[in-house]
Structures are given as structure tokens and as C-alpha cells.
Amino acid sequence: MTQRIFGALAVVVLTAAGVQAQPRNCAPRDQVVTRLAAAYGETRHAVGLGAGGRMIEVFASGASGSWTITVTDPAGLTCLVASGQAFEAVAERPAAPGRDA
């Protein structure tokens, strides 16, 4: 499941530099994490390392279903990349070799 999430987020990582150019969507990581928890009840559900040492995180709320994807650069600047509703954690088994999923 985690590989699928980060595979799908590859495009997000490639566009992270453009997002970071928009300061209104970025802040120090501790401020972003605090705001996501306080305002939306979101906690971290997945994390991975992307290009250029950027950390990609998925935050979500089990209660409201809201979710947010962030990218943090090595200096600690975190930018909001995407957000939405209807988050659902899925634990899928990998397909057997030679079989489609």
C-alpha cells in the first residue's frame, strides 16, 4: 500500500519546487503539523523520501475524512501540495506473481 501511495505521489514530488515558490502555501514544518492537527484533526499516516531529499507526508483525519499531502525540503520548509475529503486507509495485499491486481 505504501508503495502505491508514493508511486502515485511521484508527480507531486516533481512539482514540489513550483509549490515552494508560493510562500502562502509554505511554513516551517512544526507550524504546519500543529495547524493540521488543531484545525482539521489530521495526523500523519504515511511518509517517504522524495527527490532532492524532500520528505513527502500524508496527513489525514479518521473522524472527518479530510487529508493533506505536504512536501518538506531539507531546510524544514513545508508546503501544502494537495488536500481533499473522503480519506480511507487501505491495506491491500500485493498481487500474486504473474497475476493482475
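A disulfide is a pair of cysteine sulfur atoms within 2.5 Å. The structure is a predicted model, in which local features need pLDDT of at least 70, side-chain atom pairs count only at pLDDT 80 or more, and totals for chains, interfaces and linings use all residues. Residues are numbered from 1 along each chain as its sequence is written, and side-chain values use heavy atoms, with hydrogens and water left out.

**Figure 1. The disulfide between cysteine 26 and cysteine 79.** By the rule above, the count comes to one disulfide. The sulfur atoms of cysteine 26 and cysteine 79 are 2.0 Å apart. The torsion about their S-S bond is about 105°, so the disulfide is right-handed. Because cysteine 26 lies in strand S1 (residues 26–28) and cysteine 79 in strand S5 (residues 77–84), the pair ties together parts that are 53 residues apart in sequence. Helices (H or I, at least four residues) and strands (E, at least two) are DSSP runs, numbered from the N terminus. Both cysteine 26 and cysteine 79 are buried; buried means under 20% relative accessible area, exposed over 50%, and partly exposed in between (1.4 Å probe, protein chains only).

**Figure 2. The largest pocket and its lining.** On a 1 Å grid over the protein atoms alone, a pocket is an open set of points where a 1.4 Å probe fits, with protein on both sides within 12 Å along at least five of seven lines; lining residues have an atom within 4 Å of a point. The largest pocket has a volume of about 200 Å³, a volume being the space filled by probe spheres set on the points, which are joined across faces, edges and corners. Its lining has 18 residues, of which Arg35, Leu36, Tyr40, Thr68 and Leu80 lie nearest the centre. S1, helix H4 (29–40), strand S4 (67–72) and S5 each give two or more residues to this lining, and H4 gives the most, with five. The lining residues divide into seven nonpolar, eight polar and three charged. Here Ala, Val, Leu, Ile, Met, Phe, Trp, Tyr, Cys and Pro count as nonpolar, Asp, Glu, Lys and Arg as charged, and the others, Gly among them, as polar.

**Figure 3. Alanine 86, in the segment after S5.** Phi of alanine 86 is near 70°, a positive value in a residue other than glycine. Alanine 86 is exposed, with a relative accessible area of 65%.

**Figure 4. The protein chain as the setting for these views.** The protein chain has four helices and five strands, and along the sequence they follow the pattern α-α-α-β-α-β-β-β-β. Buried residues make up 32% of its 101 residues.
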